[in-house]
Amino acid sequence: MAQSSKKALFNYTIDFTKPQNQNFTVQLSSAGFPKDTLDFTMPQWMPGYYQIMSYAKQINSIEAKDAKGKALTLTKKADNVWQLVLPKNTPFTINYTVTAKRNFVAAAVVDTTHAYVVTTAAFLYVPEFLQSPVHVKIKTPWKDVATGLTPVSGKKHEYTAPDFDILYDCPILSGNLEELPSFVVGGKKHRFVGYKMGEFDKVRLMNQLQKIIEQAATLIGDIPYDEYTFIGIGPGNGGIEHLNNTTVSFTGEKLSNRDVEIRILNFLTHEYFHHYNVKRIRPFELEPFDYSQMNHTNQLWISEGLTVYYEYLLVKRAGLISEKEVLNNLSNNITNIQNNPGRLHQSLAQASYDTWKDGPFGTSGKDASKSISYYEKGPLVGWIVDLAIRNATDNQKSLDNVMSYLYHYYYKKLKRGFTDAEFRQACETIAGQSLSAEFDYIYSTKELDYATYLGYAGLEVKVDDTTHKWTVSRKATYTHKQEAILKSWLGEK
């Protein structure tokens with residue numbers, strides 16, 4: 001990210017130097033705004049985690065002062081909004097303290113060994129000035145800071161962002177951190193920095209990640225960042241994607257176990273591929289972000305479900321798992337969706353739209369048996385669309401072409417997201433035919449026709465009537481075209 005040449009209206013200092021209190025303090029100082037009434041607002045959510053987080057509830061004290069230290073009146077207008085009225089261009093500071101006790105990838109935690117803070121939980125914004133440049137100084141008792149913000153040359157732990165979308169895309173991790181051996185793909189450096197990562201074969205993991213990133217870059221045909229960092233925030237669950245980094249709950253302690261290794265490779269690949277799919281290849285409704293309320297879209301099944309689909313394929317195409325292991329991943333998705341009665345009640349599009357109330361996995365609504373997870377059904381519908389395109393084009397085109405097209409046309413050329421209709425149009429243009437039957441699986445609760453679509457690749461699915469487990473495998477016999485589609489899909493052509 002290039003450092004902004006504009007003077008920052010928003011100058012923040014975030015202070016972790018009293019970690020025993022499990023909070024941090026923030027000071028916002030400004031030489032003054034060209035406006036006399038300012039609504040300082042704390043975000044309600046963070047991009048990448050589609051739930052209302054109500055970050056303002058963690059602010060336990062807040063005050064404003066003028067340049068001489070005289071108290072200014074902050075009027076609370078809403079749970080997350082404080083109004084300051086003063087003459088235009090008047091210098092002022094706002095100081096506040098934030099409780100940080102939730103050890104979660106979409107929250108903030110400070111203890112005596114480290115601090116992890118998502119910036120939506122830390123920094124107030126003014127709605128009319130979201131495009132303003134930002135300067136952040138970090139006071140920390142530890143030696144290291146990991147963040148996607150742009151370092152200020154010659155200044156320790158000082159950073160800039162050209163606007164608030166970038167600021168809110170860059171969490172902060174501070175502690176005595178460990179860095180794994182870096183690697184270069186396409187001339188771009190890739191790093192892994194983390195807290196409490198444990199003991200494991202670190203060279204092996206980085207070699208695996210390099211192969212995965214090479215496959216992802218080949219699929220899309222571009223690497224859009226200057227440097228990318230995996231930020232390990234310690235043991236736990238979950239990860240959040242960002243433009244030039246991802247924060248991941250991570251420990252490598254059990255990587256010697258094959259099932260754990262596959263799960264972690266899938267997870268890291270998922271979070272990495274998100275920098276393409278959702279951060280850049282994005283639903284139209286997700287930008288510009290409205291940090292004050294829910295941002296609904298029908299297309300999270302694309303953003304999340306297709307990212308699950310490609311995590312499987314990229315790890316396979318990188319040569320890190322076998323055909324059986326990639327089919328096992330998809331077999332598990334089939335088993336989970338077919339044993340969920342919610343598949344008969346909620347479509348993929350509805351699951352995407354309703355995630356704000358149902359939760360990302362479709363299980364936190366009032367009636368969990370009537371909801372699904374787009375993480376489970378999304379990759380299966382993506383697989384169906386992919387195989388339909390491959391079959392229609394004699395294996396000359398695939399969903400890979402769709403993803404690359406969406407990136408280069410909508411993100412790079414038009415610099416915007418795509419609508420539901422534009423996604424369908426892209427798929428049908430590349431397929432060279434209507435995909436109305438396939439898109440019914442997105443907007444209806446019609447049962448998935450595994451036999452037809454998997455058959456295009458010489459595959460079949462069987463269910464064990466006792467365990468209700470579904471298993472995908474090769475058919476006993478298959479045609480030359482089916483074999484060609486399967487090998488191409490697996491990256492073995």
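**Sheet and backbone notes**

I looked up T75 and found that its bridge partner in β7 is Q83. The model is predicted, so I note the limits: local features need pLDDT of at least 70, side-chain atom pairs count only at pLDDT 80 or more, and totals for chains, interfaces and linings use all residues. Residues are numbered from 1 along each chain as its sequence is written, and side-chain values use heavy atoms, with hydrogens and water left out.

I then followed β6 to β7 (residues 81–85): 4 bridges join these antiparallel strands. Strands (E, at least two residues) and helices (H or I, at least four) are DSSP runs numbered from the N terminus, and two strands pair if DSSP finds at least two bridges between them.

The open sheet has 3 strands in the order β3-β7-β6, paired antiparallel. β3 (37–41) and β6 (74–78) are the edges; each has a single partner strand, so one side of each lacks a neighbour in the sheet.

Next I checked the backbone. Most residues other than glycine have a negative phi, and most peptide bonds are trans. The bond from E287 to P288 is cis, with omega near 0°. P288 sits in the loop between α3 (258–273) and α4 (300–317).

D394 is not a glycine, yet its phi is positive, about 50°. I found D394 in the loop between α8 (374–392) and α9 (399–413).

Is D394 buried or exposed? D394 counts as exposed, at 52% relative accessibility. Buried means under 20% relative accessible area, exposed over 50%, partly exposed in between (1.4 Å probe, protein chains only).
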